[in-house]
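Hi,

Here is the structure I promised to pass on. Have a look at it first, and my notes follow below.

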Amino acid sequence: TMDVQILAINDFHGNLEPPAGSSGRIGSINAGGVEYLATHIQNLRLDNPNTVVVSAGDMIGASPLISALFHDEPTIEAFNLIGLNFNAVGNHEFDEGVTELLRMQYGGCHPIDGCQDGDPFGGARFSFLAANVVWADTGKPILPAVRTANFSDRLMVKKGEKPLSKKIAFIGMTLEGTPTIVTPSGVAGVRFLDEADTVNALVPKLKALGVEAIVVLVHEGGFQAGTYNECVGVSGPIVDIVNRLDAEVDIVISGHTHQAYNCVINDKLVTSAASFGRLVTDIDLSLDMYTGEITSMQANNVIVTRDVTPSSVLTALI
């Protein structure tokens, strides 16, 4: 087996600076701020070079002025610096419309305000994923439905043999009800499909490509009555979605409700990291390099404390 680490956040909402008041705490602990988030992610990466960094949506939108004034370009640039790999679209990714979301991915100056900070905007170096958001006229996803991370181990084979290589698939999507909570103009020309049905339709295609490990990044969530690392009486839309998912799905990283939880539902690891970059979920798993299956997995919600050295490159961006 190979040890693989997934680091996950959700609902960052452009909170580059540490959030104030109760929005900047986990319990009684001050938390959040992208300078500190970057340091925590870097420190966790040191534990395992086989790391994938992901987000379950609402990275942008409903943002403080420091990001919103520049149409959230600073948040995209921040996560380029952090080294994010994949971000599932959330409902707030559609606040300024589909065309603006595509600009976040591919870059270019704003059509009205231009490039306000004096330099070009290159777009995201990570992939936005939108499996269940399709063009109304073609039925094709507006952005990639799935991306894979490849893991190769040269130490497990004899000299001269081909290295063992396996993939983990990441399916990203937003809640089906997105059109009911954004302005109609923001979602004109696209349709939103059922979350579980979308994933289940992709599973056979992934298995045909030899992928056995599947992670879902979904911008929909739930509620629980315990602390940030518990799962007490979990309820909400995420429970129904997970219970309808194909048995081949291993992990569900969720968001939207701004709650923190660490659950096992329907034999799947189901997590959420609150909001505003106050937590990062550290998922450690073992990947069988012969079968491609995940043989063990566990999660831990880590508080993004402000007692670490802030990242200098993120400080400079701010």
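Let's start with strand 14 (residues 268-273), which is mostly covered, with six of its six residues buried. Buried here means under 20% relative accessible area, while exposed is over 50% and partly exposed is in between (1.4 Å probe, protein chains only). Strands (E, at least two residues) and helices (H or I, at least four) are DSSP runs, numbered from the N terminus.

Before you go further: this is a predicted model, where local features need pLDDT of at least 70 and side-chain atom pairs count only at pLDDT 80 or more, while totals for chains, interfaces and linings use all residues. Residues are numbered from 1 along each chain as its sequence is written, and side-chain values use heavy atoms, with hydrogens and water left out.

Back to the strand. In a regular strand the side chains alternate between the two faces of the sheet. Strand 14 is covered on both faces: Lys268, Val270 and Ser272 are buried on one side, and Leu269, Thr271 and Ala273 on the other.

What does strand 14 pair with? Strand 12 is one partner, parallel to strand 14 over three bridges; two strands count as paired if DSSP finds at least two bridges between them. Valine 252 has valine 270 in strand 14 as its bridge partner. Strand 13 (residues 260-265) runs antiparallel to strand 14, and six bridges join them.

Now the charges. The whole structure has seven salt bridges, meaning a side-chain nitrogen of Lys or Arg within 4 Å of a carboxyl oxygen of Asp or Glu.

One of them joins glutamate 100 to arginine 103, with the closest N and O atoms 2.9 Å apart. The two sit three residues apart in helix 4 (residues 98-106), so about one helical turn separates them. Glutamate 100 is buried at 9% relative accessibility, and arginine 103 is buried at 7%.

Another links aspartate 197 and arginine 244, at 3.7 Å between the closest N and O atoms. Aspartate 197 is in helix 5 (residues 195-208) and arginine 244 is in the loop between helix 6 (237-243) and strand 12 (249-253), so the pair ties together parts 47 residues apart in sequence. Both are partly exposed, aspartate 197 at 49% and arginine 244 at 32%. Arginine 244 also bridges to aspartate 240, at 3.2 Å. Asp194, Asp197, Asp240 and Arg244 are linked in a salt-bridge network.

Cheers
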